[in-house]
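Colleague: Could we go through this model together? I would like to begin with the terms and then turn to the sheet.

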Amino acid sequence: MTTPLVRSDTFIRATRETGYRSTAFAVAELVDNAIQASAENVEILVAKDGEAEPFGLTVAVIDDGVGMSPEQLAEALQFGGSSRFNNRSGQGRFGMGLPNASVSQARQVDVFSWNDKSRAFHTCLDSDAIARGEVVGLPPVTVRALPPVVETAGASRGTAVIWSKCDRIPY
């Protein structure tokens, strides 16, 4: 029997505890990713979500960059997953920023990417399901309608990272 390199259930909890300590730095990581994806505009939206109490906040970082292919999106939330691994031409290069920044602030992260608003790709990371041992990997990338917060943002192409179940953002 081969012992897995990482125990998903405890790794996700440890990563949440040892990740970004500041919401500002975590959001800045997503902005850096947007800039590296040639975004000209980045919107940061924070909304109170009455249905998500006691956490109550949803944070969306929406850009108009080049977007990601389904293959790139499949790697985007994978710890160590990157199409630019060790590329020193931009900010990120190890594939840890997006997932680590996200789980340091929220228990759920959804990522949408599109070049046509009618055909957006989606995947997500649910740290609660991983911690309970119900999930050991990321769900496959699917085609999904953009949520209203993204639809109203106006970018005809781009990427949206949406944090929900935000339990680490100071009020």
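Modeller: Two strands pair if DSSP finds at least two bridges between them. Helices (H or I, at least four residues) and strands (E, at least two) are DSSP runs, numbered from the N terminus. This is a predicted model, in which local features need pLDDT of at least 70, side-chain atom pairs count only at pLDDT 80 or more, and totals for chains, interfaces and linings use all residues. Residues are numbered from 1 along each chain as its sequence is written, and side-chain values use heavy atoms, with hydrogens and water left out.

Colleague: Which residue in β6 stands opposite V59?

Modeller: V59 stands opposite W163 in β6.

Colleague: What is the strand order of the whole open sheet?

Modeller: The six strands follow the order β1-β2-β6-β3-β4-β5, with antiparallel pairing. β1 and β5 stand at the edges with a single partner strand each, so one side of each has no neighbour in the sheet. Neighbouring strands are turned by 25 degrees against each other on average, direction ignored; the axes are lines fitted to C-alpha atoms, for helices over the stretch in contact, and angles run from 0 to 180 degrees between N-to-C directions.

Colleague: Why is β2 described as largely enclosed by the rest of the structure?

Modeller: Because seven of the seven residues of β2 are buried. Buried means under 20% relative accessible area, exposed over 50%, and partly exposed in between (1.4 Å probe, protein chains only). On one side of β2 these are L57, V59, V61 and D63, and on the other T58, A60 and I62.

Colleague: Changing topic: which residues have the most contacts inside the largest nonpolar core?

Modeller: They are L98, V109, V111, L125, V161, W163 and C166, in a core of 24 residues. At least two residues each come from α2, β2, α3, α4, β3, β4 and β6. A second, separate core has 11 residues, including W114, L146, A153 and I162. A nonpolar core here is a set of buried Ala, Val, Leu, Ile, Met, Phe, Trp, Tyr and Cys residues joined through side-chain atoms within 4.5 Å.

Colleague: What is V109 in contact with, beyond its neighbours within four places in sequence?

Modeller: V109 is in contact with L77, S102, T123, C124, L125, V161, I162 and W163, where contact means heavy atoms within 4.5 Å.

Colleague: Is S164 buried or exposed?

Modeller: S164, in strand β6, counts as buried at 18% relative accessibility. Among the residues that S164 touches are L57, A106 and D110.

Colleague: What about the phi of K165?

Modeller: K165 has a positive phi of about 55 degrees although it is not a glycine. K165 lies in strand β6 and is partly exposed at 29% relative accessibility. S38 also has a positive phi, of about 65 degrees, and its place is in the loop between α2 and β1. Most residues other than glycine have a negative phi.

Colleague: Finally, which elements have the lowest and the highest mean pLDDT?

Modeller: Helix α1 has the lowest, at 72, and strand β5 the highest, at 96. The chain averages 83, and 81% of the residues score at least 70; pLDDT is the predictor's confidence in each residue, from 0 to 100.
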